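Let's take a walk through this structure together, one contact at a time. Have the model open beside you and follow along.

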2 protein chains.
Amino acid sequence: MKNKIIACILACLSLATSIVVAKELTKDEQKVLMQLKQQSMQSDLSYQIIESLTTEVGNRLMGTAGDEKSIIWAVDKMKALGFDKVWTEEVTSTQWLRGEAKAQIIAPYPHDMVAIALGGSVGTGEQGIQADVAHFNTLADLKAAKPGSITGKIAFVSYRMERHIDGHGYGKAVGTRVQGASIAAEKGAIALIMRSVGTDDNRTAHTGVMRYSEGINKIPAAALSNPDADLLVNVLKRGKPVSVFLKLTSEIREDVVIKSANVIGEITGSEKPEEIVAIGAHLDSWDVGTGALDDGLGIGMVMAAAHHIGQLPTAPKRTIRVILFAAEEVGLLGAKEYVKVHDKNMSNHVIGAEWDFGLGRIYKMKSGVGAQSLNAMREFAQYIAPLGVALAPENNARAQSDMGALSDKGMPSVSFSPDGTQYFDYHHTENDTLDKVNPDDLKQNTAVYTMFAYFAAMADVDFRQ
Amino acid sequence: MKNKIIACILACLSLATSIVVAKELTKDEQKVLMQLKQQSMQSDLSYQIIESLTTEVGNRLMGTAGDEKSIIWAVDKMKALGFDKVWTEEVTSTQWLRGEAKAQIIAPYPHDMVAIALGGSVGTGEQGIQADVAHFNTLADLKAAKPGSITGKIAFVSYRMERHIDGHGYGKAVGTRVQGASIAAEKGAIALIMRSVGTDDNRTAHTGVMRYSEGINKIPAAALSNPDADLLVNVLKRGKPVSVFLKLTSEIREDVVIKSANVIGEITGSEKPEEIVAIGAHLDSWDVGTGALDDGLGIGMVMAAAHHIGQLPTAPKRTIRVILFAAEEVGLLGAKEYVKVHDKNMSNHVIGAEWDFGLGRIYKMKSGVGAQSLNAMREFAQYIAPLGVALAPENNARAQSDMGALSDKGMPSVSFSPDGTQYFDYHHTENDTLDKVNPDDLKQNTAVYTMFAYFAAMADVDFRQ
């Protein structure tokens, strides 16, 4: 019996060694992949694209002149980079105006504070509001307050975002920004001020989108810079009533329709042109800084990736589609429009990836593909491993940001995770500017996206399977 | 002969070994010194002083409400800390008002820029000025421009300050701030904009004092944040004319007299009360940030040092005088007044040191004393060596900042150099706030100042000799 078992095991081992997993890329294609890697690592094209966008356009919130200019810029840039097709798809919304923000501690110790309106907030009126502060350490504490317990007060949530490589401190902090105003209003507050969702120590406040719950009084909401939140906490520690003045001249204009557009460009496939490898970023930015990181980095990477592949002597088998989504910051409007317009041919999107996070090097890749495609993902992971990218064991990736909407419609997806340790120092602030872009990290990340797009366009695999 | 020489050498060696340099401090005094060190390293008093100043007063430029409040605060704090005598000495000046600053690139690519008026600048008028930019990489390049070559233009100097541990990049950069406007005016410019004298990458501009040369047209002068200076350089690189709008509502009011005061407090000496060990800092700050570093750090250190010594069971032999100078930022006005008022008893100031630089740990001490006092300095250096402070070989120290005026009048001086690597990220900006103070570094530095004051008050040496 023992001998039989050994014989069986040996036979199994023999079988195992005889299994040669077929590679998706031929030797020649692998050579091209390495050429593309080298080219991406040597070229400063992605940096030049970001420099052009931030210098010639600047910030570009939907509804602003910058947004209009960015659409023209993107179309022109794609054409200049030799894309085969370039077009726009309209996205509409109603208007929100930021106006100005002013926040002051009035008593017991007067101080000016640096504040910024949260995106979508109502204003206070020109006269502003002045009230005593009700302080909560966390959103949970605010939620736990009794209704009516802070009537007529300005609610202040001082929770500080934690710094982590994967940025998960953001998820723990952003709830106050998104829901805080309505929760504070339910308790009777007349405004919400909160510590910025950010990890820096600058007198620079972080904006970002907020939402009002149905049926709850809409109250103004603003973020304070970290040092100003510290100061307010220190003033509150004295135990005396603390009076704050807040003026936001923000305005929601439900009756004004503003227009933007997704900008789409393609390197047309040679063998399966109808099959789309989608790489994306969002074209809009907040109306502070120049959006160099958010999402200039993504724009630079995906445009350069498609250009490098488009310059090959032979076109890729599948079409590479670069999608620069409109109006991500104000609620993923471009992505929502895209999946509506392209609903019927969503199955043509064979795989996709977006960049909309961080500014460091990619260290991790997570797939979200059919089980039979995992070998192809492992093969690709081997190609990018020398760039310091490890394949995560999970296979449940949703594409980042906008492109998550395509993942939700069944598009196989990949998510590349960069080092996000520094990102929330700059995120949604005036400090999101070109000098924060590290050209070397950008080259490496561009190489990953270029290699991904080429691999996905050449691999003879159905990523849904 | 040879034997005689050997005998002579032996005799010399014997003599040498028999020379015991007398210590300035007795064994008991050395014990007290070590107690003071330990106390400073354990106490958070200096931090609490800075916290109190920045929270309850905030910024305090001469002529502002904050300056008035800071004088009351300092008097009260010295009394609360048990100083034996506390008084103020009036300092007057004429008024300068900052007003608001606005800078924009108008063409070819419109951008808002973050700018701040240099201290002492004239305004542009409410309507602002708009003109093409004449770009210079350095002040030397501006100086080299032909008179009339930039008539009607806005001169822009883009020189970037270098980061160094001893802050010497400041000296190389600050000339543009101080003299740039008059040099630009001589060449025909109608305004000066310059890259901030700072090492950070924030959208925060650095202010600081400037001067107009006699007989030269006074033109408005402002600093741009580093990222905005980068942006303007990148726009200029396109080679098209670049038009900038500048509005400063600053105002020089030669006819308005403003008042401030040096605040002085003493721990009275027991044996030689007329002999003064002076430790100082400046009480004023720029009207941005809360002056936590500049010069809250110094205020915290020297007040805590005097307090620790004042709490000893036995008073020090000499008097320890804490001088908080008025109006350092606008031209060392408090220091100038001090040496005028105390001219006749300047010789009573046996030694002095100020803190007005950096935010890191002290790593170097330089003396400026009589040659016969060098042994005493070496002895003191031995006491603070375990704190990581090395004695510099030179003996030509001038006290820092304000107290340099006392050094110039013959006061023996010591200068303690801290790590200044980070200082110019925050210097003269809104970001000079409490969160930048490192409590551990502060304890160590407070220990050095406390030990210095005690040693100087107890040492039986004439530091002028």
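Start where two chains meet: Arg238(B) and Glu51(A) join their side chains in a salt bridge, with N and O 2.7 Å apart. Please keep in mind as you look that this is a predicted model. Side chains of opposite charge can pair when their charged atoms come close. Arg238(B) also meets the side chain of Glu56(A) in a salt bridge, at 2.6 Å from N to O. This second pair joins two chains, because Arg238(B) sits in the loop between α7 (226-237) and β9 (243-248) of chain B while Glu56(A) belongs to helix α3 of chain A.

Now look for Glu51(B), which forms a salt bridge with Arg238(A), the closest N and O atoms being 2.7 Å apart. This pair joins two chains as well, since Glu51(B) lies in helix α3 (residues 45-56) of chain B and Arg238(A) in the loop between α7 and β9 (243-248) of chain A. Is Glu51(B) buried or exposed? Its relative accessibility is 9%, so Glu51(B) counts as buried, the limit being under 20%. Arg238(A), with a relative accessible area of 26%, is partly exposed.

Step back to see the whole contact between the chains. How many salt bridges are there between chain A and chain B? The count is four. There are also 15 residue pairs in polar contact across this interface. On the side of chain A that touches chain B, α3 (45-56) and α7 (226-237) each supply at least two residues. The residues of that side divide into nine nonpolar, 10 polar and 10 charged.

The size of an interface is often given as the accessible area lost when the parts come together. Here chain A and chain B bury about 2200 Å² between them, and 42% of it is on carbon and sulfur atoms. Of the area that chain A buries against chain B, 24% comes from Thr55(A), Arg203(A) and Arg238(A), more than from any other three residues. The contact takes 29 residues from chain A and 30 residues from chain B.

Salt bridges are found within a chain too. Glu275(A) forms one with Arg318(A), where the closest N and O atoms are 2.6 Å apart. The pair links distant parts of the chain, with Glu275(A) in strand β11 (residues 272-282) and Arg318(A) in strand β12 (residues 318-325), 43 residues apart. Glu275(A) is partly exposed at 22%, whereas Arg318(A) counts as buried at 3%. Over all chains, the search finds 41 salt bridges.

Finally, turn to the aromatic rings, which form 24 pairs over all chains. The rings of Phe357(A) and Phe424(A) have centres 5.9 Å apart and planes at 50 degrees, so the pair is tilted. These two residues lie 67 residues apart, Phe357(A) in the loop between β13 (349-354) and β14 (362-368), and Phe424(A) in the loop between β16 (413-418) and α12 (439-458) of chain A. Phe357(A) is buried at 18% relative accessibility, and Phe424(A) is buried at 3%. In chain B, the ring centres of Tyr423(B) and Phe424(B) are 5.1 Å apart with planes at 65 degrees, so that pair is edge-to-face.

Technical notes. Residues numbered from 1 in each chain as written. Chains lettered and ligands numbered in written order. Predicted model: local features only at pLDDT ≥ 70, side-chain atom pairs only at ≥ 80, totals over all residues. Heavy atoms only, no water. Contact = heavy atoms within 4.5 Å. Buried area = accessible area lost by both parts, 1.4 Å probe. Polar contact = N/O pair within 3.5 Å; in protein donor to acceptor, adjacent residues only side chain to side chain. Helix = DSSP H or I, 4+ residues; strand = E, 2+ residues; numbered from the N terminus. Nonpolar A, V, L, I, M, F, W, Y, C, P; charged D, E, K, R; others polar. Phe/Tyr/Trp six-rings, centres within 6.5 Å; stacked < 30°, edge-to-face > 60°. Buried < 20%, exposed > 50% of the residue type's maximum accessible area, 1.4 Å probe, protein only.
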